[in-house]
Amino acid sequence: MFAVYAREPNPENPLDALTVGERPDPEVPSGWVKVAVKAASLNMHDIWTLRGVGIKPDQFPMILGCDGAGVLEDGTEVVLHSVINAPGWQGDDTLDPKRTLLTEKYQGTFADYVVVPARNAVPKPAGLSFAEAATMGTAWLTAYRMLFVKSGLRPGQTMLVQGASGGVSTALVQLGRAAGLRVWVTGRSEEKRALAEQLGAHQTFETGARLPEQVDGVFETVGKATWAHSLKSLKPGGVLVVSGSTSGPDPSADLQRVFFLQLRVVGSTMGTRDELEDMLRYLDLSGIRPQIGKELPLSEAAEGFRLMQEGATAGKIVFTTEAR
């Protein structure tokens, strides 16, 4: 089958390890299902996989792609839940110490076919296109959990999103606006800030700018470059929800500010299958649709990877298999 995969880890020049070509058709273990992929979206996790982060060397070659949408052999249209749990795990999917994501142990979605446990194939709402549904499993589910499960924020409060144009950030803007929060966003360029306003942000600011007032909650995926600003932007008792660290994982913790102002720093990772189902229903009911910045055929995946590595994103980058 046709696939886009990491040939080997390359920490210094990750795109040099990106390969487009043929891979063996997948075998389908008992309890798993085969999905004909219609669309799959690109995540920073795929860049990290090319670098060899979070994956053992003997797992290569690895088909990339953490999430996607497609069709089961019986014709059912599905969205993929990317968190693969250990057999018999009970409880929050994200707390399973033996959990793994697609592309860490199991082959990913940038291919004609992918196999997943049957519970990880969630029915797709008819109102979502395959390209829209392909953004749900990682970026949108991460944003949904950050906002509705982890933050504790209420309608009418003010939230700050650090970074204006990435997949998680654009999802947070749209979800926050729809939920009745006042949404502020920082962005590095006028173009990125304009996108956030188009998606519903009430105000946008240059990265690191002093805000008109402190906020109730900050949502972080950037890490070291924005961490100090995030802490300074919070009201006493405010919450900082973090799900990524693309600019580096080791900022100053600024513990005096954290304990003196009684700030909450909350980690958040992906989401559960139940949360994915809830989110899909929410989008279906509300009419919210994800911002897709670029849609490319899977055969042109290298261009999408280049754009993501350069930070030239305006929403999600989605690959489709329809042209094949």
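Colleague: Which residues lie nearest the centre of the largest pocket, and how many line it?

Modeller: Met 44, Trp 48, Thr 221, Gly 244 and Thr 246 lie nearest the centre, and 50 residues make up the lining. Mind that this is a predicted model: local features need pLDDT of at least 70, side-chain atom pairs count only at pLDDT 80 or more, and totals for chains, interfaces and linings use all residues. Numbering runs from 1 along each chain as its sequence is written, and side-chain values use heavy atoms, without hydrogens and water.

Colleague: What makes a residue part of a pocket lining?

Modeller: An atom within 4 Å of a pocket point; a pocket is an open set of points on a 1 Å grid over the protein atoms alone, where a 1.4 Å probe fits, with protein on both sides within 12 Å along at least five of seven lines.

Colleague: Which helix gives the most to the lining of the largest pocket?

Modeller: Helix 1, with five residues; helices are DSSP runs of H or I, at least four residues, numbered from the N terminus.

Colleague: Which residues of helix 1 are called buried?

Modeller: Asp 46, Ile 47, Thr 49 and Leu 50. Buried means under 20% relative accessible area (1.4 Å probe, protein chains only), so each of these four falls under that cut-off.

Colleague: Why say they line one face of helix 1?

Modeller: Seen down the axis, the buried residues of helix 1 fall within an arc of 155 degrees, taken from the directions from the axis to the C-beta atoms, so they line one face.

Terms used: Helices (H or I, at least four residues) and strands (E, at least two) are DSSP runs, numbered from the N terminus. Buried means under 20% relative accessible area, exposed over 50%, partly exposed in between (1.4 Å probe, protein chains only).
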